[in-house]
Amino acid sequence: MINKIKVKRQNIQFKSILSKAYVNESNNLLLVGTKKELPEILFITTYPARECGIATYSQDLIKALNNKFRDCFKITICPLESNNEQHVYTDSIKYLLNTDHPNGFSNLANKINTNVNLQMVLIQHEFGLFKNNEADLKQFLKIVQKPVIIVFHTILPRPNPCLQANVQEIVQEAHSIIVMTNSAADLLVKDYDVAADKITIIQHGTHLVPHSDKEELKIKYKLSGKKILSTFGLLSSGKSIETTLDALPQIIKKNKDVIFLIIGKTHPSVIKEEGEKYRLMLQAKIEDLQLQEHVQFINHFLPLPNLLEYLQLTDIYLFTSKDPNQAVSGTFSYAISCGCPIISTPIPHVCEVLKNNVGIIIDFNNPKQLAKKTNILLLDEQLRKNMGSNGLHKIAPTAWENAAIAHAMLFEKIGEENFHLRYKIPKVNLDHIKKLTKPFGMIQFSKINQPDIDSGYTLDDNARAMVAMCQQYELTKDEENLKYIQIYFDFIKYCLQPDGYFLNYVDEEYLFTAQNYTTNLEDSNGRAIWALGYLNSIGAILPEELAKDADVTMQRALLKVLEIHSTRAMAFIIKGIYYYNIKKVSEQNISTVKALTNRLVQMYTHETEKEWTWFESYLTYGNSILPEAMLCAWLVTGKLIYKEIAKTSFDFLLSEIFVENRIRVISNKGWLNKENKLAPSPIGGEQPIDVAYTILALGKFALVFENEQYLQKMETAFNWFLGNNHLYQIIYNPCTGGCYDGLEDNYVNLNQGAESTVSYLMARLTVEKSLKREIKNIPIKI
């Protein structure tokens, strides 16, 4: 239902924003498309309730695409069936293809051709799915008048002429080909003469997991005190689980507390052909080798959350496939994403991933080798931890969110004007913020998503956290936020010294560290004043005692601010006083702002040139804070020169960091210097905090100047967190609510520390607040 409410446009047409933004009845921001029909993509694939790897793969991929790009295109599912494989589907099914039906392929092709909204077809291809009707598939591809993408799950090496010709005919009719490994792409080029530019490599997706405590999970599943080996997947003889059983006696001699978990039911196709013959053989072997106390069958197709928990409690994951031509294994990928050290046989997928101490590769059907390598790992906990960590970093680009981005970019490339990608803004998730926050304050660093108490606490992080939680409280009025605001406020007061100056570094014992006396802390002082000012600005909605305490603390903190001369520290102080002045206008506030701002004006006047309208001879970190502070100074004082410099300097900065419809903030690997402005910028070294500060500034400039371009750039900048960056990988982790610590040249730093996580939250809430401000009178989607 749409409530029609008069739209107030002020002096500007926010066309692109307004076509996408709605507020729902819970007052949550949604980005949606216009009401016209979305382009439709048909997925032809096996699909649950069918139990097979491709069905699960397709379900996970479609879910990820809908979560990130739901309002850019519509995905329709056409399950693959046969006379022997028919199912009832819980998802809405518009098409169905029975590959054994004489006219199944041609009827489907005609339906596709007559659907004007259907713009593209994607087919998940496995030779077994079409083994009796490859000719029908090729005829179907010739009839279909829409672009077709073929995803090859298997590419066999050294094909005979018949197989080679068959694949070549399929490829010829397809618009694009997706494979999941470099080796598969190489085989297509070398063994099948497929043009390389027709191939896209998108690795098998993996789930983001919260990386729960291993020992707690073992307690939950009654495995406490055991060393866990595991394997999972639909059982068939190709998994060669007997290799592990033959190795277990030698493993048990050195590790008597070992339990091997065989997770998964027998493959339905195997059941139809031979029943439980393979499982019964394994059970007989277990009895012959007297392994009953060391092997457990979990004979279920486990729900995903349970499966991921079993993998997280696993000490070593064993992958013993005996098929050298198995191109990819989703089970192997999922195990690495859960932090499991891996021992595996050398299928192509494994050989690409298990490099540089990520895992151990053994020969096919070699239980003696497996036993030796397993014992080495079981007896070396640190080696297991290192391998697990290396594996997580190696597999991170394959998160389903990243796989969705790669697929969507291909759709956009093929669909051209019919597809325009817009990222869906994730809902607010405070889980990691709360995990980082202890009663004393917010911990500084994390190892992946586990808070590292040894890193201690900083004023910087707690000041930013207080700003973010104040933003959250403004938007939600959730009283639980007040608990966290109080924690961060108390920490700030703890750092405020009797002389009115703040210290920054506090160790895990709550003691100020020596670093406070060897480091310039002016920026930290500035950030504290910014946070205190913001807290005071929302005093009207705070409990009376907290509001009074905030006012008193701010007055103490302002005593010596004119003794501070660091450029960014002065900017933070100006921002803090701007917010404080909202609640408590005073001549002293205005005088202090003028004194500090005039210093920035002097710097700007000294450095500015025709092609360099900036305050310094270089662009470094936290650049956006400077023009934003100038704008705040104008709002406090009304001095027009402040406003002019604010806009000129900000537009100059934006021209340097927005390139090719995405933001690329100044790299910490090398600042941008005025004298060498045209030198190539280093790739990587981009920090979430710089993107966040830019978004905060864009919000204020959009409000003051009523300029649509600032809002558009805000959306573009926020999409950096969601995958619109040079690696096309997520920086924000929606599973944990944490934000990764940095975007490097060819990888993302997976640690989710306080600075990055709070920066994301500030950016996320600023986007919501800014768009709500402009759309509060727009049709509300209920």
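First, the cut-offs I use for exposure: buried means under 20% relative accessible area, exposed means over 50%, and partly exposed is in between. I also note that this is a predicted model.

**Entry 1: positive phi**

I looked up Lys222 first. Its phi is positive, about 60 degrees, although Lys222 is not a glycine. I found Lys222 in the loop between H7 and strand E11 (227–232). Is Lys222 buried or exposed? Its relative accessible area is 73%, so I log Lys222 as exposed.

His211 came next. I read a phi near 55 degrees for His211, a positive value in a residue other than glycine. His211 sits in the loop between E10 and H7. Here the relative accessible area is 18%, so His211 goes down as buried.

**Entry 2: the open sheet**

What is the strand order in the open sheet of 7 strands? I traced E6-E5-E4-E7-E8-E9-E10, with parallel pairing. Strand E6 (97–98) and strand E10 (199–201) are the edge strands, and each of them pairs on one side only. As a reminder to myself, strands of a sheet pair through backbone hydrogen bonds, either parallel or antiparallel.

I then checked one pair in detail. Strand E4 (residues 40–45) and strand E7 (residues 118–125) run parallel and are joined by 5 bridges. Which residue of E7 is the bridge partner of Glu40? I found Leu118.

**Entry 3: helices across the sheet**

Helix H2 (residues 53–69) lies across E4, strand E5 (74–81), E7 and strand E8 (148–152). I noted an angle of about 165 degrees between H2 and E4. Helix H4 (residues 134–143) lies across E4, E7 and E8. For H4 the angle to E7 is about 160 degrees.

**Entry 4: Leu410**

I picked out Leu410, which belongs to helix H16 (residues 400–415). Its relative accessibility is 7%, so Leu410 counts as buried. What does Leu410 touch, leaving aside its neighbours within four places in sequence? I listed contacts with Ile149, Ser176, Ile178 and Thr200. I also took one C-alpha to C-alpha distance: Leu410 and Glu276 are 42 Å apart in space and 134 residues apart in sequence.

**Entry 5: second largest pocket**

I put the space in the second largest pocket at about 980 Å³. Its lining has 30 residues, and Ser212, Lys214, Gly339, Lys385 and Gln450 are the closest to its centre. Helix H7 (214–220), helix H15 (381–395) and strand E19 (450–458) are the elements that each give two or more residues to this lining. Which element gives the largest share of the lining of the second largest pocket? H15 does, with 6 residues. By class I logged 14 charged, 10 polar and 6 nonpolar residues in the lining of this pocket.

**Entry 6: cavities**

How many cavities of 30 Å³ or more does the structure hold? I logged 6. The largest cavity has a volume of about 200 Å³. I found 19 residues lining the largest cavity, with Leu208, Ala396, Asn733, Tyr740 and Leu750 nearest its centre. By class, the lining of the largest cavity has 11 nonpolar and 8 polar residues, and no charged ones.

Technical notes. Residues are numbered from 1 along each chain as its sequence is written. This is a predicted model: local features need pLDDT of at least 70, side-chain atom pairs count only at pLDDT 80 or more; totals for chains, interfaces and linings use all residues. Side-chain values use heavy atoms; hydrogens and water are left out. On a 1 Å grid over the protein atoms alone, a cavity is a set of points where a 1.4 Å probe fits but cannot get out, and a pocket is an open set with protein on both sides within 12 Å along at least five of seven lines; lining residues have an atom within 4 Å of a point. Grid points are joined across faces, edges and corners, and a volume is the space filled by probe spheres set on the points. Ala, Val, Leu, Ile, Met, Phe, Trp, Tyr, Cys and Pro count as nonpolar, Asp, Glu, Lys and Arg as charged, and the others, Gly among them, as polar. Two strands pair if DSSP finds at least two bridges between them. Helices (H or I, at least four residues) and strands (E, at least two) are DSSP runs, numbered from the N terminus. Contact means heavy atoms within 4.5 Å. Axes are lines fitted to C-alpha atoms, for helices over the stretch in contact, and angles run from 0 to 180 degrees between N-to-C directions. Buried means under 20% relative accessible area, exposed over 50%, partly exposed in between (1.4 Å probe, protein chains only).
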